[in-house]
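Here is a friendly note to read alongside the structure. Keep the 3D view open and find each place as you go.

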Amino acid sequence: MNTAHASATATIPASPRAGTRARPRPDARRWLRATALRLALAAVLVFCLLPIAFLASTSFKTRDEVLSGHFLPLAPTLANWSKVFEIAPLQWHLFNSLAVALISVAVTLAIAVPATYAVVKLRRGSALAGALLGSYVAPPVVALLPLFFMMRLAGLNNSLLGLGLVESLMNVPAAFWLLRGFFKQVPVALDEAAWLDGVGWWRTLWRVNLPLLWPGLAATGLICLILTYNEFLLASVLNSRPDMRTITVAISLFQGERVVNFGQMAAASLVGIAPVYLLALAFQKHLIGGLGARR
């Protein structure tokens, strides 16, 4: 009797304590984390796209609708888009900006790549590298007047080449800071093996390091291109001729002395954003892969 009663009692599962809650299953927790992550990403996406959506909406508004403060145009119009190209030849300003950006990226990488290799792999010029990064903290307006007179003496004022050279020197610290992490990813043993075989520093940089740094070079070049494309201060001072203006300077001209043409400025801004956006979209894999590989 006692043995049967004990076995029957042992088979009865213990009831949960009063007041305790059942823990969510692992699948439920995983679903909650995934949902929270999607909601957070959606909020960030909306936050980033909201200024672009506001520009697009403003470009189809009349002046009175812009002042009214409505987000969507009540009576959409294409007058701003037609007047934009009548007031300023934006296609030539876009060409100037892209030409200056390409010149700047080429010169910046030509200087920053060997300089970063010398500091990271050859252990030379560390103090100079620190001073170079420190110079990036100073605002560009500090060097504006000396640069203007230097460019005028060299005969490079009001030229795409002169502006590209100045912009390239301004971006060297940023390129050095980005490339330093990429160069550290390449093992030093590869360089030492090449040096033991009698390969010089330049050939080691060209044949050993650069083939492994293409994602980093693409990411650095794209970031420097965007920095140059968006620059306004130097472009407005060094290139004052109407045919040498960049797109950022051309957009600022839609602001008059008493009246600001917000609709036309929004349309011109969208025209200026489009090339860089398409370029970043085309090289999206290289940009994300390069920045993701950097430590």
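1. Before we start, a word on naming: helices are DSSP runs of at least four residues, numbered from the N terminus. With that in hand, please remember throughout that this is a predicted model.

2. Let's begin with the whole chain. How many helices and strands are there in the chain? The chain has 15 helices and 0 strands. Of its 295 residues, 32% are buried. Now think about contacts between residues at least 6 apart in sequence: 75% of these join residues at least 24 apart.

3. Next, look for the largest pocket, which holds about 440 Å³ of space. Its lining is made of 19 residues, and those closest to the centre are Y136, P140, L169, M170 and N171. Two helices, α6 (126–135) and α8 (160–185), each supply at least two residues of this lining. Which helix gives the most to the lining of the largest pocket? That is α8, with 7 residues. Sorted by class, the lining of the largest pocket has 15 nonpolar, 2 polar and 2 charged residues.

4. Searching the whole structure turns up 1 cavity of 30 Å³ or more, and the volume of the largest cavity is about 40 Å³. To locate this cavity, highlight its lining: S97, V100, A101, L163, E167, T228, Y229, E231, A235 and T246. Helices α5 (90–120), α8 and α11 (214–229) each provide at least two of the lining residues. The largest share, 3 residues, comes from α5. By class, the lining of the largest cavity comprises 5 nonpolar, 3 polar and 2 charged residues.

5. Helix α4 (residues 79–87) meets helix α14 (residues 262–282) at an angle of about 75°, and their axes are 9 Å apart. Are α4 and α14 roughly parallel or roughly perpendicular to each other? Angles of 65 to 115 degrees count as roughly perpendicular, so α4 and α14 are roughly perpendicular to each other. On the α4 side, the contact is made by N80, W81, K83, V84, F85 and I87, and on the α14 side by G263, Q264, A267, A268, L270 and V271. The class count for this contact is 8 nonpolar, 3 polar and 1 charged residues.

6. Buried or partly exposed: what is D191, and what is E192? With a relative accessible area of 0%, D191 is buried, because buried means under 20%. E192, in turn, has a relative accessible area of 43% and is partly exposed. Not counting residues up to four places away in sequence, D191 touches Y117, K121, V186, T204 and N209. The C-alpha atoms of D191 and N209 are separated by 8.1 Å, with the residues 18 apart along the chain. For E192 and T204, 12 residues apart along the chain, the C-alpha separation is 9.3 Å.

7. Loops deserve attention as well. N157 sits in the loop between α7 (144–154) and α8. Its relative accessible area is 19%, so N157 is buried, given the cut-off of under 20%. Apart from neighbours within four places in sequence, N157 is in contact with F148, M151, R152, L238 and N239. N158 is found in the loop between α7 and α8 as well. N158 has a positive phi of about 55°, although it is not a glycine.

8. Leaving aside its neighbours within four places in sequence, V199 is in contact with A194 and T204. You have already seen T204, as it is one of the residues touched by D191.

How values were computed:
Residues numbered from 1 in each chain as written. Predicted model: local features only at pLDDT ≥ 70, side-chain atom pairs only at ≥ 80, totals over all residues. Heavy atoms only, no water. 1 Å grid on protein atoms, 1.4 Å probe; cavity = no way out; pocket = protein on both sides within 12 Å on 5 of 7 lines; lining within 4 Å. Points joined across faces, edges and corners; volume = space filled by probe spheres on them. Nonpolar A, V, L, I, M, F, W, Y, C, P; charged D, E, K, R; others polar. Axes fitted to C-alpha atoms, helices over the stretch in contact; angles between N-to-C directions. Parallel < 35°, antiparallel > 145°, perpendicular 65-115°, else oblique. Contact = heavy atoms within 4.5 Å. Buried < 20%, exposed > 50% of the residue type's maximum accessible area, 1.4 Å probe, protein only.
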